[in-house]
Amino acid sequence: MLAVLHKSVAKTPDALIQSAQNDAVSASALKDGFLAAHFSSSRPGSVVVNIPFSGFIAYSSDAQNPLFPRLFGVFDDILCVFEGHIENVAPLKQQYGLNKTANEVNIIIEAYRTLRDRGPYPAAQVVRDIEGKFAFILFDLTSKATFLASDADGNAPFFWGTDGEGNLVVSSEADVVKQCCAKSFAPFPKGCFFTSSGGLQSYEHPVNEMKAVPRVDSSGEVCGMNFKVDVDSRKGNAGMPRVGSDANWSGKF
């Protein structure tokens, strides 16, 4: 799975952007449909969903890892591609009022809608309630909101970076991200989620900030950034702001 999201709808952490700016090899993922074409050409049956003025999401059912099956779904103008599996599907279906045929994508979309439309829990709690080995990419066409997450142990392969123009590139395949991001490439931090407005946050340690740690190659050269929980820092308010009974929360987490 792959998504390239324009910097206007998904502002990546400054450390990733700086890595791209300092790297002459980084290219534009969106220009002339470069990365979408690269992805499709080497993956039979690929589907590319263009998001006007915002980027695209792509996936393929070809060569799937049986341990990490891939699903795609659309509901209420929300796009979601999911890779992996959720272990506590039954209780989550009950929690969100879903029917017996609902799958992992349905659960993720409904969890997001609960947050967007004023859910009862902080965003970190909602993601932490999802047990399993997974990674997902979600984009809300209405609010232009991005929502990404990886499981607590980082079992599902998931990578991200910033291309030469500052756009977010995220994929389950490392080589795809490296095509445009070069030194900005990094594994997506385990136990974390990312949103357009809230940035990168740990749902395992929601009261702590995240910090960028330089990644050094075998020759001692800095080749990008990893992100880890800063155990010495605490956020002023780790909860989701409540700002009126009818508020749309998609820009608040």
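In helix α6, the buried residues are Ala174, Val176, Val177, Cys180 and Cys181. They sit on the same side of α6, because the arc they cover around the axis is only 160°. Keep in mind that this is a predicted model.

**Around α6**
- The cover over the buried residues of α6 includes β1 (2-5), α2 (34-41), β8 and β9 (168-171).
- Lys178 lies over the face of Phe185, and the distance to the ring centre is 4.9 Å.

**Aromatic pairs**
- The count of aromatic pairs comes to 11.
- Take Phe159 and Phe185: their ring centres are 5.6 Å apart and their planes are at 25°, so this pair is stacked. The cut-off behind that label is under 30 degrees between planes.
- Phe159 belongs to strand β8 (residues 159-162), while Phe185 is in the loop between α6 (174-181) and β10 (186-187), so the pair ties together parts that are 26 residues apart in sequence.
- Both Phe159 and Phe185 are buried.
- Trp160 and Phe194 make an edge-to-face pair, with 5.7 Å from centre to centre and 75° between the planes.
- That pair also links distant parts of the chain, with Trp160 in strand β8 and Phe194 in strand β11 (residues 192-195), 34 residues apart.
- Trp160 has 0% relative accessibility, so it counts as buried. Phe194 counts as buried too, because its relative accessibility is also 0%.
- One aromatic cluster is formed by Phe82, Tyr112, Phe134, Phe136, Phe147 and Phe193.

**Nonpolar cores**
- The largest nonpolar core has 30 residues, and within it Ile137 and Trp160 touch the most other members.
- Elements giving two or more residues to this core are β1, α1 (14-21), β3 (55-59), β5 (78-86), β6 (132-140), β9, β11 and β14 (222-229).
- The biggest giver to this core is β6, with three residues.
- Another core, of 27 residues, lies apart from this one, and its members include Tyr112, Ile130, Leu138 and Phe193.

**Residues to click on**
- Phe185 is stacked with Phe159 and has Lys178 over its face.

Terms used: Residues are numbered from 1 along each chain as its sequence is written. This is a predicted model: local features need pLDDT of at least 70, side-chain atom pairs count only at pLDDT 80 or more; totals for chains, interfaces and linings use all residues. Side-chain values use heavy atoms; hydrogens and water are left out. Rings of Phe, Tyr and Trp (its six-membered ring) pair if their centres lie within 6.5 Å; planes under 30 degrees apart count as stacked, over 60 as edge-to-face and the rest as tilted. Helices (H or I, at least four residues) and strands (E, at least two) are DSSP runs, numbered from the N terminus. Buried means under 20% relative accessible area, exposed over 50%, partly exposed in between (1.4 Å probe, protein chains only). A charge sits over a ring if NZ of Lys or CZ of Arg is within 6 Å of the ring centre and within 35 degrees of the ring normal. The arc is that of the directions from the helix axis to the C-beta atoms. Contact means heavy atoms within 4.5 Å. A nonpolar core is a set of buried Ala, Val, Leu, Ile, Met, Phe, Trp, Tyr and Cys residues joined through side-chain atoms within 4.5 Å.
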